[in-house]
Amino acid sequence: MNPGTERLRISQQSEGAYALVGEIDTHTAPLISSELNEFPEERSLHIDLAQVTFIDSSGLRVLIELHKSREAANAKLVLEKISPSVEKLLQITGLTDHLHIAE
Amino acid sequence: MDANHKPGRSDPLLSTQTRTVTRIADFEQRYASTGNNIGLARSEVEVWLKGTASTADKQQDILLIVSELSSNAVQAEGPYFELTLSHHPPELVTIKVFNQVSPTLTGRRIPSIHTRLGDDPLSEQGRGLSIVKALSLSVCVDQRLNGDVTAEAVVQLDKGCDERLISGDN
């Protein structure tokens with residue numbers, strides 16, 4: 001079993017909607033890329049972050065990559081129910097004004 | 001009561017509650033330079049942080065700093081990284097990460113601490129040390145001639161750690 005899966009779980013809630021549970025860092029972030037990049041870029045993607053207990057800049061990087069790829073294809077990446085740790089990091093990096101965040 | 005009365009420390013009108021925060025032993029650990037060990041380091045530091053009487057918010061800040069500095073160390077592809085945290089009560093914690101650099105990465109420049117977070121928010125690189133800087137009183141990154149790197153951040157804990165409360169209750 002990939003040790004990274006112990007710290008992060010990705011579950012599909014419906015088509016184009018995923019929930020991330022656990023910690024997003026340099027070790028687990030590639031799991032998000034590999035799974036979510038399978039979803040067509042021209043279709044909007046919704047990610048529930050309510051149960052993300054930790055995120056660092058590696059996590060931000062993968063979210064930015066997903067955001068950019070969808071913007072380029074006239075679609076959206078929507079971040080939903082962001083947890084306090086995610087919210088704080090988005091604020092200090094100035095990303096709250098650049099990413100689509102659902103209330 | 002005299003309107004000009006100014007209570008002093010021994011004034012019977014004041015009750016003083018003081019909780020002295022004692023210094024705990026340093027956290028010192030060496031980890032093999034693997035991505036999975038960054039999460040392990042955070043878990044172990046989280047346990048150590050309980051002894052610092054810091055708030056949950058500050059603990060999260062410190063864990064984020066640990067993660068960022070450790071990630072940079074792992075990217076240097078050396079055999080290991082060393083993580084040290086020291087508590088200087090009541091308000092300071094220092095976080096230090098040392099790593100060697102893989103010989104295959106000779107000439108690699110260490111991450112810059114001069115990148116400003118607001119310059120290019122959607123940049124896909126180069127925000128780790130800037131995040132550390134935003135959360136710290138000071139950050140220092142030192143690279144030796146042989147490529148070895150030491151990164152150190154100083155964090156100020158919330159003033160609540162030195163819980164000297166003066167209340168007007170008798």
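This is a predicted model: local features need pLDDT of at least 70, side-chain atom pairs count only at pLDDT 80 or more; totals for chains, interfaces and linings use all residues.

Student: Which residues is Asp56(A) in contact with, beyond its neighbours within four places in sequence?
Tutor: The list is Asp25(A), Leu64(B), Ser67(B), Glu68(B) and Ser71(B). Asp56(A) sits in the loop between E3 and helix H3 (57-72) of chain A.

Student: Is Asp56(A) buried or exposed?
Tutor: Count C-beta neighbours; 20 or more within 10 Å makes a residue buried. Asp56(A) has 27 inside 10 Å, so it counts as buried. Look also at Leu89(A). It is 33 residues from Asp56(A) in sequence, yet their C-alpha atoms are 7.6 Å apart.

Student: On to the sheets. What holds strands together in general?
Tutor: Strands pair through backbone hydrogen bonds, either parallel or antiparallel. Chain A has an open sheet of five strands, ordered E1-E2-E3-E4-E5, with mixed pairing. Its edge strands are E1 (8-14) and E5 (100-102), each pairing on one side only. Neighbouring strands of this sheet are turned by 30 degrees against each other on average, direction ignored.

Student: What are the pairings of E4(A) with E3(A) and with E5(A)?
Tutor: E3 (residues 45-55) and E4 of chain A run parallel, over four bridges. Asp48(A) has Glu80(A) in E4(A) as its bridge partner. E4(A) and E5(A) are parallel too, over three bridges.

Student: Which residues of E4(A) lie on its covered face, and which on its uncovered one?
Tutor: Strand E4 (residues 77-80) of chain A has Leu77(A) and Leu79(A) on the covered face. Val78(A) and Glu80(A) are on the uncovered face.

Student: Now chain B. What pattern does it follow along the sequence?
Tutor: The pattern is β-β-α-α-β-β-α-β-β-β. That makes three helices and seven strands. Of the 170 residues of chain B, 32% count as buried.

Student: What is the strand order of its five-stranded open sheet?
Tutor: E2-E3-E4-E6-E5, with antiparallel pairing. E2 (27-32) and E5 (138-143) of chain B stand at the edges with a single partner strand each, so one side of each has no neighbour in the sheet. The twist averages 10 degrees from one strand to the next.

Student: How many bridges join E2(B) to E3(B)?
Tutor: Six bridges join E2(B) to E3 (residues 77-88) of chain B, and the two run antiparallel. Phe27(B) stands opposite Leu85(B) in E3(B). H1 (residues 35-49) of chain B lies across E2 and E3, at about 165 degrees to E2(B).

Student: Which backbone angles deserve a look?
Tutor: Begin with omega. The peptide bond from Pro89(B) to Pro90(B) is cis, with omega near 5 degrees. Pro90(B) is in the loop between E3 and E4 (92-101) of chain B. Then check phi. Lys81(A) is not a glycine, but its phi is positive, about 50 degrees. Lys81(A) lies in the loop between E4 and helix H4 (84-92) of chain A. Glu77(B) also has a positive phi, near 60 degrees. Glu77(B) is found in strand E3 of chain B.

Student: What confidence scores does the model carry?
Tutor: The model scores ipTM 0.92 and pTM 0.84. Chain B has a mean pLDDT of 80, and 71% of its residues reach 70 or more. Over residues 161-170 of chain B the pLDDT is below 50. That stretch has 17 contacts in the model beyond near neighbours in sequence.

Notes. Residues are numbered from 1 along each chain as its sequence is written. Chains are lettered from A and ligands numbered from 1 in the order in which they are written. Two strands pair if DSSP finds at least two bridges between them. Axes are lines fitted to C-alpha atoms, for helices over the stretch in contact, and angles run from 0 to 180 degrees between N-to-C directions. Two residues are in contact if their C-beta atoms, placed from the backbone, lie within 7 Å. pLDDT is the predictor's confidence in each residue, from 0 to 100. A residue is buried if 20 or more other C-beta atoms lie within 10 Å of its own, exposed if 12 or fewer, and partly exposed in between; C-beta atoms are placed from the backbone.
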